[in-house]
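Hi everyone, thanks for coming along.

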Amino acid sequence: RPPPLSPPLTLATPVNELEEKLAKLQEENSSLSQHLESVSCREETIRNYKREMKLKMGKLLCNSESPETEIAAVLTQFKQLYEHYGEQRQQEVHFHLAQLERLMLPTKNTKMVLWTIAQDEMYSATPDPVAGPSLLSILTDEVGFTDSQIAKLSEHRDKMNRLTDDLHRSLALLRKLKKSVDENQRVFASKMQTVQSALTPKQIARLILFVEANRAKIEPALKTARQIRQGSADV
């Protein structure tokens with residue numbers, strides 16, 4: 001089974017540890033605020049930039065002498081910003097998965113409770129001449145635990161250990177999801193590159209503009225195709 005979550009080393013929380021925690025929370029709050037502001041501003045900026053790039057692609061296509069390399073450069077920018085496998089989307093996915101992992105991890109207080117209940121010495125007052133006072137004697141002195149309270153904690157020990165195991169499994173699943181998302185993005189980018197390599201930059205640009213101009217007609221057809229595919233898979 002996975003090892004129990006490590007606890008703080010002492011019961012008393014030093015001032016410098018609190019200051020460290022406060023600084024970390026302030027930094028995290030600043031990061032989230034900047035991300036939110038960045039997302040709000042970026043969405044508007046990206047919409048405008050996308051409009052400009054489509055206009056630029058349209059002008060390049062109207063000019064029969066437009067070099068393929070110039071069109072290809074515009075397509076590269078478009079891909080990084082808007083495509084499913086583009087850099088912009090990858091950054092957003094990584095950010096939100098990291099936030100999800102942070103929210104799944106227990107706080108220091110919860111870690112301390114889980115760790116304390118899991119310890120054998122919590123239920124034994126036998127002193128260790130090398131390690132010093134037992135955990136039980138420390139908590140009895142510091143917190144004032146009574147024998148009846150220790151007995152109640154003991155009743156929940158197995159259940160809390162199972163919760164810790166569940167948490168480890170959940171975190172392992174999340175990390176597996178991260179790897180799966182990265183692999184999906186990598187495969188998707190590779191497949192799209194293979195498909196696009198069969199076309200010229202001008203053809204790809206024409207296809208993008210066609211899809212953008214006919215999105216209202218194309219999206220219902222794609223939805224129907226997905227439903228048919230899912231229905232076939234269920235049979």
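**Contacts, a helix pair and a pocket**

Let me start with how the chain meets itself: of the contacts between residues at least 6 apart in sequence, 72% join residues at least 24 apart. Please keep in mind that this is a predicted model.

What is the chain built from? There are nine helices and zero strands, and reading along the sequence you get α-α-α-α-α-α-α-α-α. The chain has 235 residues, and 22% of them are buried.

Now to a pair of helices. In general, two packed helices are described by the angle between their axes and the distance between the axes. Here, helix α3, residues 87-104, packs with helix α7, residues 157-197, at an angle of about 175 degrees, and their axes are 11 Å apart. An angle over 145 degrees counts as roughly antiparallel, so that is what α3 is to α7. On the α3 side, the contact includes Val93, Leu97, Leu100 and Met104, while α7 brings in residues including Leu167, Leu171, Leu174 and Val181. By class, the contact divides into 10 nonpolar, four polar and four charged residues.

Let's move on to the second largest pocket, which holds about 540 Å³ of space. Helix α1 supplies the largest share, with six residues. As for the classes, the lining of this pocket has eight charged, three nonpolar and one polar residue.

That's my tour, and I'm happy to take questions.

Note on methods
Residues numbered from 1 in each chain as written. Predicted model: local features only at pLDDT ≥ 70, side-chain atom pairs only at ≥ 80, totals over all residues. Heavy atoms only, no water. 1 Å grid on protein atoms, 1.4 Å probe; cavity = no way out; pocket = protein on both sides within 12 Å on 5 of 7 lines; lining within 4 Å. Points joined across faces, edges and corners; volume = space filled by probe spheres on them. Helix = DSSP H or I, 4+ residues; strand = E, 2+ residues; numbered from the N terminus. Nonpolar A, V, L, I, M, F, W, Y, C, P; charged D, E, K, R; others polar. Axes fitted to C-alpha atoms, helices over the stretch in contact; angles between N-to-C directions. Parallel < 35°, antiparallel > 145°, perpendicular 65-115°, else oblique. Contact = heavy atoms within 4.5 Å. Buried < 20%, exposed > 50% of the residue type's maximum accessible area, 1.4 Å probe, protein only.
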